[in-house]
Amino acid sequence: MSSAKILAAKQSAVAELTEQLKASQAGVLVNYYKTSVEDDTNLRKELTKAGVTYKVVKNTQLKFVFENLGYTDLNSHLEGMTAIAYSETDPVAPAKILSKFAKEHEDYTIKAGYVDGGVIDAAGVENLASIPSKEGLIAKLLGSIQSPLYGLAYVLQGKIDKEGGAAEEAPAAE
C-alpha cells in the first residue's frame with residue numbers, strides 16, 4: 001500500500017471514531033495490560049449486552065479523535081495499552097461494567113473518561129459507576145410515589161372495615 005492510501009485509511013478511521021464518540025453519552029478509557037483472552041471475551045460479551053461499544057485503539061489515533069472533540073485533557077492518559085468503551089444510550093453502563101471488572105482484575109485499570117461533553121478522571125468514573133442505572137432510578141421514584149398511596153389505601157381500608165362491620169350490626173332503615 002502506498003503511504004497516501006495508509007494515511008487516508010488512518011484519517012478515515014479517526015473521522016469515523018470521532019463521529020461515534022460525538023454521538024455517545026459517555027466513555028471510559030482503560031489500560032487492559034495482562035488481560036487474558038478469556039476475561040476479555042467475557043467482558044466484551046457483558047458490554048455488548050449492555051449496548052456498550054468497546055474498542056482497542058492506537059493512542060495516536062485517540063489523540064486526534066480527542067482533539068477533534070475538544071477532550072484534549074484525555075491526551076495525558078494515552079500511555080500503555082488503551083481501550084475505550086462508550087455508549088450512545090446509557091451514560092452509566094460503561095463506567096459501571098468496567099469499574100466492576102477492574103476491581104476483579106488488578107492489572108486492568110481505569111484511566112479516565114468523559115460524560116456529557118466533560119472530561120472526568122478515574123475517581124469521576126468510579127463516582128459515575130456508583131450511580132444507579134436509569135431503570136433503578138425510575139424504580140426508586142415509583143417506589144417513593146407508591147409509598148404514600150399505599151399508606152392512604154391502608155387507612156381507607158381500615159376505615160371501611162371498621163364502618164362496614166358496624167353497618168352490618170345496625171338495623172336497616174325503612
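Trainee: Which residue in β5 does G113 stand opposite?

Mentor: This model is predicted, and the pairing is read from it. Strand β4, residues 109–115, and strand β5, residues 118–121, run antiparallel and are joined by four bridges. In β5, the residue opposite G113 is I120.

Trainee: How many residues lie between β4 and β5 in their hairpin, and what is the phi of D116 in the turn?

Mentor: D116 belongs to the loop between β4 and β5. Most residues other than glycine have a negative phi. D116 is not a glycine, although its phi is positive. The hairpin has two residues between its strands, and the phi of D116 is about 50°.

Trainee: Is D116 buried or exposed?

Mentor: A residue counts as exposed when its relative accessible area is over 50%. D116 has 70% relative accessibility, so the class that applies is exposed.

Trainee: Where else is there a residue other than glycine with a positive phi, and what is its value?

Mentor: The loop between β1 and α2 contains K34. K34 is exposed, because its relative accessible area is 59%. Its phi is positive, and the value for K34 is near 65°.

Trainee: Which residue in β5 is the bridge partner of Y114?

Mentor: Y114 is part of strand β4. Among the residues that Y114 touches are V119 and I120. The bridge partner of Y114 in β5 is V119.

Trainee: What is the relative accessible area of Y114?

Mentor: Six of the seven residues of β4 are buried, and the strand is mostly covered. The cut-off for a buried residue is under 20%. Y114 counts as buried because its relative accessible area is 1%.

Trainee: What distance separates the C-alpha atoms of Y114 and S24?

Mentor: Along the chain, Y114 and S24 are 90 residues apart. Their C-alpha atoms are separated by 9.7 Å.

Trainee: Which residue in β4 is the bridge partner of N31?

Mentor: Strand β1, residues 26–31, runs antiparallel to β4, and six bridges join the two. The partner of N31 in β4 is T109.

Trainee: Which residue in β3 is the bridge partner of L29, and which is that of K55?

Mentor: β1 and β3 are antiparallel, with six bridges between them. Strand β2, residues 53–56, pairs with β3 in the antiparallel sense over four bridges. For L29 the partner in β3 is I84. For K55 the partner in β3 is I84.

Trainee: How many of the residues of strand β3 are buried?

Mentor: In a regular strand the side chains alternate between the two faces of the sheet. On one side of β3, T82, I84 and Y86 are buried, and on the other A83, A85 and S87 are buried. Strand β3 is therefore largely enclosed by the rest of the structure, and its buried residues number six of six.

Trainee: Which residues does A129 touch, not counting those up to four places away in sequence?

Mentor: A129 is placed in helix α5, residues 122–129. It counts as buried, because its relative accessibility is 11%. The C-alpha atoms of A129 and S99 are separated by 6.7 Å, although the two residues are 30 apart along the chain. The residues that A129 touches are A95, K96 and S99.

Trainee: In what order do the elements of the protein chain run?

Mentor: The protein chain contains six helices and five strands. From the N terminus on, the order is α-β-α-β-α-β-α-β-β-α-α.

Trainee: What is the radius of gyration of the protein chain?

Mentor: The C-alpha trace spans about 105 × 30 × 25 Å along its principal axes. For 174 residues the globule rule gives 16 Å, and the chain is well over that, so it is more spread out than a compact globule. Its radius of gyration is 26 Å.

Trainee: What share of the residues of the protein chain counts as buried?

Mentor: The chain exposes about 11,100 Å², of which carbon and sulfur atoms supply 57%. Of its 174 residues, the share that counts as buried is 32%.

Definitions and conventions
Residues numbered from 1 in each chain as written. Predicted model: local features only at pLDDT ≥ 70, side-chain atom pairs only at ≥ 80, totals over all residues. Heavy atoms only, no water. Rg over C-alpha atoms; globule rule 2.2 N^0.38 Å. Buried < 20%, exposed > 50% of the residue type's maximum accessible area, 1.4 Å probe, protein only. Areas by Shrake-Rupley, 256 points an atom, 1.4 Å probe, with all protein chains shown as cover. Pairing = 2+ DSSP bridges. Contact = heavy atoms within 4.5 Å.
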